[in-house]
Amino acid sequence: MVSTKELVNIELEVKAIEKGNLACPGCQLNLSFKHALSALKGDAIVVVPACCTSVIQGAGQGYGMHVPIFNTAFASAPPVASGIARKLKRDGKKTTVVVWAGDGGTADIGFGSMSGAAERDENILYVMYDNQGYQNTGNQKSGATPRGAKTSTTPHGKKSRRKDIARMMMAQEVSYVATANASYPQDLFAKIERAATEFAGHFRFIQIYSPCPPGWNIDTKDSVLVGELANNTGYWPLYEAVNGKLEFSRPSRRFNDPAKRKPLADYLKIQGRFRNIDPEIVKQMEEDIEHEWSILRKFM
Ligand SMILES: Cc1ncc(C[n+]2csc(CCOP(=O)(O)OP(=O)(O)O)c2C)c(N)n1
Ligand code: SF4
Ligand SMILES: [Mg+2]
């Protein structure tokens, strides 16, 4: 794994994203994107369905990205990426084709076409950055919004559990599936690098936990802390699964033991989206966490 110093040097050298783009302060999608493009050494063609990334990339003189980006309608990102990947193969080129999509574009609107690309084992690295709602259009609930979170369409808090897309991709026996967290950039970097090299030629899927200060109603200075608490409470387990065989990643490994986890309340209390949450829902969320770990352990 690269050291923090090496990571910074690579990012300065690759310079995938200009400073001062249109992302909100504290946006973890923006950081994740920078880490991912740096891990690919900028040698990527990125396909982006409608989402915050379509906005933060800028336009015209204000375009702030140093990789080619193809913006598509929601459900067509995987087929567009499939076509690009097939043409690159024909031309003998090794550039990584990335679908960089939000949770709404993945868990809901683009799910069928993503699942189809996975079934065809297209040579695509599919990254779902997960800010747990339709943030670009004002924080509507998506299938990936967690239980208890207030959004503009669930003003009293979402009642049901989130769809776990990484697990669905494991069930589809995708060659490489991983979860990442913007607060653990070295782990994220290593996973993108591994997916792009070791599993090149296949469909790969990475889901990145990406706090969104306006949508989650958190202080911009807390977005990294929220990510750390998501890990340390066991709320967001980090793992890699190769052909369905799972290994927990180093930042999360010790939290396989529930006694080592921080209380969920620490995670909830610094996020306005969980303000005044019903204690009964908190109890269900605690059960959700252990339920999720118990299923993941079966893949080990
Ligand atoms: C078919 C269609 N429906 C709705 C929209 C409006 N729209 C644009 S971006 C967006 C939100 C996307 O949410 P997500 O994929 O989670 O990405 P985020 O905005 O959170 O980054 C929506 C609903 C659209 N562009 N096309
Ligand atoms: S709304 Fe959220 S995800 Fe979108 S740019 Fe702002 S902080 Fe980032
Ligand atoms: Mg989203």
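Two strands are taken to pair if DSSP finds at least two bridges between them. In this predicted model, β4 and strand β6 (residues 204-209) meet that condition, pairing in the parallel sense over 6 bridges. Within this pairing, L125 stands opposite R204 in β6.

Both strands belong to an open sheet of 8 strands with mixed pairing, arranged in the order β2-β1-β3-β4-β6-β5-β7-β8. The edges are formed by β2 (69-72) and β8 (245-248), each of which pairs on one side only. On average, and with direction ignored, neighbouring strands of the sheet are turned by 20 degrees against each other. Helix α8 (residues 185-197) packs on this sheet, where it touches β3 (96-101), β4, β5 (176-181), β6 and β7 (239-242). The direction of α8 makes about 160 degrees with that of β5.

Strand β3 has parallel neighbours in β1 and β4. Strand β1 (residues 44-49) pairs with β3 in the parallel sense over 4 bridges, and T96 in β3 is the bridge partner of A44. Another 4 bridges join β3 to β4, and these strands also run parallel; here L125 in β4 is the bridge partner of V98. In a regular strand the side chains alternate between the two faces of the sheet. In β3, T96, V98 and W100 point one way, while V97, V99 and A101 point the other way. The strand is mostly covered, with 6 of its 6 residues buried.

Helix α6 (residues 111-119) has S113, M114, A117 and A118 as its buried residues. Seen down the helix axis, these residues fall within an arc of 145 degrees, so they line one face of α6. An α-helix has 3.6 residues a turn, so residues three or four places apart point the same way. The exposed residues G112 and E119 lie on the face of α6 turned away from its buried side. The cover over the buried residues of α6 includes α4 (77-90), α5 (103-108), β4 (125-130) and α7 (165-171). Just after α6, D121 takes a positive phi of about 50 degrees.

The surroundings of two ligands were also examined. Around ligand 1 there are 14 residues, of which C51, C52, G102, G104 and N136 come nearest. Helix α5 gives the most to this shell, with 3 residues. By residue class, the shell around ligand 1 divides into 5 nonpolar, 8 polar and 1 charged.

Ligand 2 is surrounded by 13 residues, and the closest are C24, C27, C52, Q135 and C212. The elements that give two or more residues to the shell around ligand 2 are α3 (52-56) and α9 (213-216), and the largest share, 3 residues, comes from α9. The shell around ligand 2 comprises 9 nonpolar and 4 polar residues, with no charged residue. C52 is listed among the nearest residues of ligand 1 and among the closest of ligand 2.

Residue E11 is placed in helix α1 (residues 4-14). It is partly exposed, with 18 other C-beta atoms within 10 Å; a residue counts as buried at 20 or more such atoms and as exposed at 12 or fewer. Leaving aside residues up to four places away in sequence, E11 touches K34 and S38. The C-alpha atoms of E11 and E292, which are 281 residues apart along the chain, are separated by 34 Å.

Key. Residues numbered from 1 in each chain as written. Chains lettered and ligands numbered in written order. Predicted model: local features only at pLDDT ≥ 70, side-chain atom pairs only at ≥ 80, totals over all residues. Near = placed C-beta within 6 Å. Nonpolar A, V, L, I, M, F, W, Y, C, P; charged D, E, K, R; others polar. Arc of directions from axis to C-beta. Contact = placed C-beta atoms within 7 Å. Axes fitted to C-alpha atoms, helices over the stretch in contact; angles between N-to-C directions.
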